[in-house]
Amino acid sequence: MELPGAAKTEDHVPPSKEANEQLSKGYTVVYVLGCPGSGKSTQCSKISAGLGFFHLSAGDLLQEEINSGSEDGDAFFWWLIVFARKMIADLKREGRLVPSEIVVKLLQQAMQRTGNKKSLIDGFPRNEENQNIIKIEPELVLLLDCSEEESTRRLLNRNQLIPLLPIMKGRVDDNAETIKKRFKVYSESTLPVINYYSSNGKLRRIDAERPIEEVYESVKEILSELEQKHQGH
């Protein structure tokens with residue numbers, strides 16, 4: 001979608017290579033991937049609380065940027081602040097992804113603000129363009145493996161619970177039609193990224209159809225091994 005008066009996405013200056021290299025030094029970065037409804041946010045919250053990782057969610061960062069109402073003196077974001085609410089809502093309804101440059105810049109800023117050197121990046125990179133722009137090589141990649149059937153059931157159930165639990169926030173993309181589109185985007189865009197990390201030995205596949213605590217125990221075992229590896233160096 002082209003926004004009135006805005007430069008096209010491909011004309012934006014991508015995050016600098018120097019900024020990415022600086023961020024990658026001294027950091028332990030773990031990507032958490034999985035299809036919609038696989039439990040990424042749930043597991044990342046538990047990992048953050050239990051293992052001390054700084055949880056970075058691209059979706060949450062986008063929403064925070066919109067809610068802040070601040071341009072931070074950065075001309076790159078002027079049109080995002082003006083049009084973002086409608087743009088992101090439209091993209092979610094259509095099951096499409098927000099432009100890579102925006103997401104990567106927000107991730108960079110969040111990593112620079114925190115003093116935590118252990119970062120857990122939730123649901124990113126979502127496509128090869130994300131991967132090529134961020135240029136931060138993760139220590140490992142967790143894949144929460146869940147069937148489309150089970151994930152769809154979870155997503156639809158999540159919206160059914162909203163009226164019963166007012167503190168929960170519904171999502172514009174938790175409906176049958178958009179869920180199908182999200183899975184199509186996942187299959188076309190994210191699976192090549194997963195295959196890349198599988199080929200270089202960094203992917204750890206976890207059965208995410210099990211109960212939450214069982215999944216977390218598997219995650220904790222993998223990340224504990226990573227901690228031990230770092231302590232041994």
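The following dialogue explains how to read several features of this predicted model.

Reader: Which conventions apply to the numbering and to the values?

Author: The model is predicted, so to speak of local features requires pLDDT of at least 70, side-chain atom pairs count only at pLDDT 80 or more, and totals for chains, interfaces and linings use all residues. Residues are numbered from 1 along each chain as its sequence is written, and side-chain values use heavy atoms, with hydrogens and water left out.

Reader: How many helices and strands does the chain have, and in what order do the elements run?

Author: Helices (H or I, at least four residues) and strands (E, at least two) are DSSP runs, numbered from the N terminus. The chain has nine helices and five strands. Starting at the N terminus, their order is α-β-α-β-α-α-α-β-α-β-α-α-β-α.

Reader: What share of the residues in the chain is buried?

Author: Buried means under 20% relative accessible area, exposed over 50%, and partly exposed in between, with a 1.4 Å probe and protein chains only. Of the 233 residues in the chain, 44% are buried.

Reader: What share of the contacts joins residues at least 24 apart?

Author: Contact means heavy atoms within 4.5 Å. Among contacts between residues at least 6 apart in sequence, 79% join residues at least 24 apart.

Reader: How is the length of a helix read, and what does α9 reach from its first C-alpha to its last?

Author: The expected span of a helix is 1.5 Å times one less than its number of residues. Helix α9, residues 212-231, has 20 residues and reaches 28 Å between its first and last C-alpha, close to the expected 28 Å.

Reader: Which residues of α9 are buried, and where do they fall around the axis?

Author: The buried residues of α9 are V215, Y216, V219, I222, L223 and L226. Seen down the axis, they fall within an arc of 130°, so they line one face of the helix; the arc is that of the directions from the helix axis to the C-beta atoms. On the face turned away from this buried side are the exposed residues E221, Q228 and Q231. The cover over the buried residues of α9 includes β1 (28-34), α2 (40-51), β4 (140-145) and β5 (203-207).

Reader: Which residues of α2 are buried, and what covers them?

Author: In α2, K40, Q43, C44 and I47 are buried. Their directions fall within an arc of 100° down the axis of α2, so these residues too line one face of the helix. Their cover includes β1, β2 (54-57), β3 (118-122), β4 and α9. After α2 comes G52, whose phi is positive, near 80°.

Reader: Which residues touch the most other members of the largest nonpolar core?

Author: In soluble globular proteins, nonpolar side chains tend to be buried together. A nonpolar core is a set of buried Ala, Val, Leu, Ile, Met, Phe, Trp, Tyr and Cys residues joined through side-chain atoms within 4.5 Å. The largest one here has 48 residues, of which L142 and L223 touch the most other members. Helix α5 (residues 100-113) gives the most to this core, with seven residues. Leaving aside neighbours within four places in sequence, the contacts of L142 include V30, Y31, I47, V219 and L223.

Reader: How many aromatic pairs does the structure hold?

Author: A pair of aromatic rings is described by the distance of the centres and the angle of the planes. Rings of Phe, Tyr and Trp (its six-membered ring) pair if their centres lie within 6.5 Å; planes under 30 degrees apart count as stacked, over 60 as edge-to-face and the rest as tilted. A search of the whole structure finds two pairs. Y31 and Y197 form an edge-to-face pair, with 6.1 Å from centre to centre and 70° between the planes. This pair links distant parts of the chain, Y31 in strand β1 and Y197 in helix α8 (residues 176-199), 166 residues apart. The rings of Y196 and Y197 have centres 5.0 Å apart and planes at 70°, so this pair is edge-to-face.

Reader: Which residue lies over the face of Y216?

Author: A charge sits over a ring if NZ of Lys or CZ of Arg is within 6 Å of the ring centre and within 35 degrees of the ring normal. K46 lies over the face of Y216, at 5.0 Å from the ring centre.
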